[in-house]
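User: I would like to learn how to read strands, sheets and helix packing in a model. Could you walk me through some examples?
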Amino acid sequence: MSLTIRVLGSVVAESDGEEIDLGPARQQATMVMLAAQAGHVVTMSQLIDGLWGDTPPASARQSVYTYILGLRRALEPDRGSRESPRVLVGATRGYRLHLDERQVDSLNFAEQLAAARQAEQDGDLDLTLRTIHEALTLWRGPALSGVPGPFAEAERARLEELRLTAAETRADALVRLGRSQEVLAELQDLARHHPIRERLSELLMLALLGCDRQAEALKVFEEARRFLVEEFGADPGDGLRRAHHLALHARDGREVQDPAPPRQLPRDLMAFVGRASELIRLKSLLDPRDDEHPHPVVAISGPPGVGKSALAVRIAHEVKDRFPNGQLYVNLRGATPNVARLSIHEIFSRLLRGIGTPDDAIPMEADEAAALWRSGLHGKRLLVLLDDAADLAQVRPFLSAPLGVAVLVTSRESLTVCDDCTQLRLCPLSESESTAMLAKLVDVGRLSTDLDQTARLIHLCDGLPLALRIAGARLADRPDWSVGTLTAKLGDERGRLHQLEVGELAVRSSLAASLGALKGSGRPVDSGAAYMLALLGLLHVPEITAEAAAQLLDSAPMEAERALERLCDAHLLEHGEPGRYHLHDLVRLFAAELLPADDRIAPLTRVLTYYAASARAAAQISDPRRVHSAYPEVPAAGRRFESPEEAYDWLRAEETTLLAAASQAVTDPDDEVARMGVTVGLALWWYQQKAFRVADMISLGARLVSAGERLGDERIEMEAHAHIAVGLHFKGDVAEALRHSERHLQLARQLRDPFNVQRSHGNLATAQWKLGEFHDALHNALAQRKIAREISSEVGERYALLTLGRVYNSLDRPHDALAALEEAAAMSERAGDGMHLAVSGTLRGEALLHLGETARARDLLVRTLEWSRASRLKTAEVTCLVRLAQAHRLLGRSSEARRYAADAVSLAQRMGSAEWLEHATEEQRALGAPSGSG
């Protein structure tokens, strides 16, 4: 028997094509609950609650038995009186419908919707449309039509929400495929009937823009904005604002002018030679005849130093007239040793800024950024050069661009498995091409004087353009040298690097020769640049500024900048963002071996001291209400900051560099270097906490603990245990966090440090609260408050009061919680401590929810959300969003509740917090919304 349960319309069953009557309304409601969890047990209590809610009749249990009996007769009419049921079977404390998901249309629909959204994420929009169409054909009318009961009401709302999500997914795919006209009428109808769904208004705007109806798109935004303001007192969300930005910048034939197209290509190399066949092939792909679209994805691959980037830049310049809407360029840092590759979000940010998207309109979520990126490219002819991709995964999100946009990628990895990708494998230059390249750099007469030595030079360079360029530059700098002089030097140096691969042998040998030319030129700027290269090899950071390089060189920033620029001219260093420099990957490995071990400590200590002093100053100025570690001492003032905003921006810009410097230094065998590394790491403590950098806190904290133990410095060890405890707490490894806090307390007592004693009591209390050890947590919170009062530490007392509020909330003592939290809030307000004010607000909101004062809780939480964002405290922000969703749900304002819950899911995902993602999705489940919909 082929049995199907259909709830997407009237509730019926079908067997072998014949419809089965499932009986009266409450019997149908029973079937709905069983079908919604097909294959799983539904308990008697769940059935009763779902049918009658909080006021079941006395005969409820007997009625359920009657409904089950009626359903069994309907589903298996030929079953004998002594045969056991095969479809609707009894189980411990309930019943199970013995069907799989494909036999229940609502479950089948949800499964197909999930498959469609996965296809959408994978960039297969045609599969998305096919799957969505198949899913929507399952609907026959309003879900659960005529079925009563609390469960049916909630399930009906959930299924209708899924139906709208499916419609949005279909519309999004059509718009992205340039088929806006096909879905325009449907979107207009949906947006009119569901004005509360901002996503529908956003899609309608994008569809109108796709049909060149910008004025109507702007009108849709204004109507949506007015509705949100008048009904909810809320502003449009990120999606609507981004669509509005696109509409404002679209050409409507009247007043709006297109911004100047981006021209981001690096300068073409004057010494570029050869590659004739490769250029012809690339031009045929990027600039085809007969006005065909350029090939969507073209990849140039090959070994390091073979000239992939130079060829990509050359062809990009040759075909740029084919792309009147501009050319974008991003260095992805995919193969830079010891430096993290650009993240997907960083790449999207740079590309979106390149096409005119404001910073505040760039989404954090990759899917949303991808949608905005594709929307921004619609109807444009743009060339995108993604240089030095680590692998396909790093560039895949950027390859599904509309026809007319060409993406040119360089990578050491093969990208042939990418859809619609044509790959060009680049080999070393031929001998004739290599000779031509040298001739552009060196007088032809010198090369022709000894053709055998010229051929040997080309052989030693292995035909790699990077090596040839450096070798030619060295010969140009030393006119008294013959080609044979250089080849002899290169030959002598190969032995040092015999363990490296052949390609890297030639490049590294050339680098050594180039460095020798700088050293021997007799010009102060060259010798300074040579020394700077050796110094740069000491520090394993992704990029460096002239100010930091000056500490290495022990000079003024202007002198350091001069040396850095000279290295750039010699192709031994590369420009990054304005004012920043980074070493080419092969040069980085080479430079790390240049300075003798005895000469490394002083410059490394100077630059680490600069980083430590600057990071500590930035941390204190950006958040003066926190108590920042003043140990170990720093014998320098560091960078000066004029405002908290400037200090915070510097920390944000230098975060990866500071983290890399600290991680390197704390493992250094030199004690002074290690101590400065500890100082840099501890200066990041509060910044990392507020930004929720969990993995970095744990990894750095572990290194700090090891450094303290190795140095025999109990104070470092004490601070480090506190640092790692917070990271572990955020991660959810609370038992391990508790162990580190206990060690923190032990060391603080040994050192007779009352501030850290009370701090450790506070951290112990927080961990014990998290573990459900509420009475122990209460004891430690009270102990912290007592000591904090004795030493006049208001920040410690505020923290203790916050912890008391947490514990009292968990002990179901909301009045006691409110008393402690209101005192903490008053103290925080007097001190101007926005961070503690935000935390107290979230906890007070929770207490008010416990007391049933829901409207008051909502009003407080709305204010608290602003405090959380102003203080940049992610944990308070996500807590506040979840509590706001709960408050609005309890107030019956489901639309606002869903919006806050979706925002909470989105933020928790960006934070990487499994704990808060679960809280947020749990609130979505309570609302009947699909989990993870944010």
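Predicted model: local features only at pLDDT ≥ 70, side-chain atom pairs only at ≥ 80, totals over all residues.

User: Is V409 buried or exposed?

Analyst: The quantity to look at is relative accessible area, where under 20% counts as buried. V409 has a value of 1%, so it is buried. Leaving aside neighbours within four places in sequence, its contacts include V298, A299, I300, L386 and L415. The C-alpha atoms of V409 and L385 are 5.9 Å apart, although 24 residues separate the two along the chain.

User: How many residues of β10 are buried?

Analyst: Six of the six, so β10 is largely enclosed by the rest of the structure. You can check this face by face: A406, L408 and T410 are buried on one side, and V407, V409 and S411 are buried on the other.

User: Which strands pair with β10, and in what sense?

Analyst: Here is the general idea: strands of a sheet pair through backbone hydrogen bonds, either parallel or antiparallel. In this model, strand β7 (residues 297-301) pairs with β10 in the parallel sense over five bridges, with S301 opposite S411. β9 is also joined to β10 by five bridges, and these two run parallel. There, A406 in β10 is the bridge partner of L383.

User: Which strand does β8 pair with?

Analyst: β8 runs parallel to strand β9 (residues 383-389), with five bridges between them. Q327, in β8, stands opposite L383 in β9. β8 is mostly covered, with four of its five residues buried.

User: Why does Q327 count as buried, and what does its side chain reach?

Analyst: Q327 counts as buried because its relative accessibility is 2%. Its side chain reaches the backbone oxygen of K320 at 3.3 Å. A polar contact of 3.5 Å also joins the side chains of Q327 and R263. Beyond four places in sequence, the residues that Q327 touches include P262, Q264, L265 and L382.

User: Now for an antiparallel case. What is the strand order in the open sheet of three strands?

Analyst: The order is β4-β6-β5, and the pairing is antiparallel. β4 (41-43) and β5 (88-91) are at the edges with a single partner strand each, so one side of each has no neighbour in the sheet. On average, neighbouring strands here are turned by 35° against each other, ignoring direction. Three bridges join β4 to strand β6 (residues 94-97), and T43 stands opposite G94.

User: Which helices lie across these strands?

Analyst: Helix α2 (residues 44-52) lies across β4 and β6, at about 65° to β4. Helix α3 (residues 60-75) lies across β5 and β6, at about 140° to β5.

User: How should I read two helices that pack together, such as α35 and α37?

Analyst: Two packed helices are described by the angle between their axes and the distance between the axes. For α35 (residues 794-810) and α37 (residues 834-850), the angle is about 20° and the axes are 10 Å apart. That angle makes α35 roughly parallel to α37. Their crossing is left-handed.

User: Which residues of α35 and α37 meet?

Analyst: On the α35 side they include V795, Y799, L802 and R806, and on the α37 side they include V839, L843, E846 and H850.

Note on methods: Residues numbered from 1 in each chain as written. Heavy atoms only, no water. Buried < 20%, exposed > 50% of the residue type's maximum accessible area, 1.4 Å probe, protein only. Polar contact = N/O pair within 3.5 Å; in protein donor to acceptor, adjacent residues only side chain to side chain. Contact = heavy atoms within 4.5 Å. Pairing = 2+ DSSP bridges. Axes fitted to C-alpha atoms, helices over the stretch in contact; angles between N-to-C directions. Parallel < 35°, antiparallel > 145°, perpendicular 65-115°, else oblique. Left-handed = near helix turned anticlockwise from the far one by under 90°.
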